[in-house]
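This briefing goes through one protein chain, beginning with a single residue and ending with the overall build. Please keep the sequence and the 3D view side by side as you read.

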Amino acid sequence: YIIDKTLADLQEELNGDQFFRANRKYLVSIDAIDKFRSDNGKILLNLVPPVKEEVAVSKENAPNFRTWVEG
């Protein structure tokens, strides 16, 4: 699908309980997270279906991610 919106625009439209802005390239659904692990303060995500590159949550955003995922 081609979407003519920025991730910031999509983030505003999506349910924040269901979707999280992992980084500049990814908005992730809580249902797509298979597992995650800490790595030097960052959080690395394993998604389903898998993506070709590693999806990381920054050190600065890691506390927000943990709060979000614990719901």
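In which segment is Thr6 found? In this predicted model, Thr6 is found in the segment before helix H1, which covers residues 7-13.

**Around Thr6**
- Thr6 is partly exposed, because its relative accessible area is 44%, a value that falls between the limits of 20% for buried and 50% for exposed.
- A polar atom of the Thr6 side chain lies 3.0 Å from the backbone nitrogen of Asp9.
- Thr6 and Trp68 are 62 residues apart along the chain, and their C-alpha atoms are separated by 22 Å.

**The nonpolar core**
- The largest nonpolar core has 13 residues, and those with the most contacts inside it are Ala22, Val28, Leu45, Val57 and Phe65.
- Strand E4 (42-47), strand E5 (55-57) and helix H2 (62-70) each supply at least two residues of this core.
- If residues up to four places away in sequence are not counted, Phe65 touches Phe20, Ile33, Phe36, Ile43, Leu45 and Val57.

**The whole protein**
- The protein has two helices and five strands, and from the N terminus on its elements run in the order α-β-β-β-β-β-α.
- The radius of gyration is 12 Å, close to the 11 Å that the globule rule gives for 71 residues, so the protein is as compact as a globular protein of that length.
- Of the 71 residues, 25% count as buried, while the protein exposes about 5,400 Å², of which carbon and sulfur atoms supply 48%.
- Among contacts between residues at least 6 apart in sequence, 32% join residues at least 24 apart.

Methods:
Residues are numbered from 1 along each chain as its sequence is written. This is a predicted model: local features need pLDDT of at least 70, side-chain atom pairs count only at pLDDT 80 or more; totals for chains, interfaces and linings use all residues. Side-chain values use heavy atoms; hydrogens and water are left out. Helices (H or I, at least four residues) and strands (E, at least two) are DSSP runs, numbered from the N terminus. Buried means under 20% relative accessible area, exposed over 50%, partly exposed in between (1.4 Å probe, protein chains only). A polar contact is a pair of N or O atoms within 3.5 Å; within protein, one must be able to donate a hydrogen and the other to accept it, and residues adjacent in sequence count only if both atoms are side-chain atoms. A nonpolar core is a set of buried Ala, Val, Leu, Ile, Met, Phe, Trp, Tyr and Cys residues joined through side-chain atoms within 4.5 Å. Contact means heavy atoms within 4.5 Å. The radius of gyration is taken over C-alpha atoms; the globule rule is 2.2 Å times the number of residues to the power 0.38. Accessible areas come from the Shrake-Rupley method with a 1.4 Å probe; for residues, only the protein chains shown count as cover.
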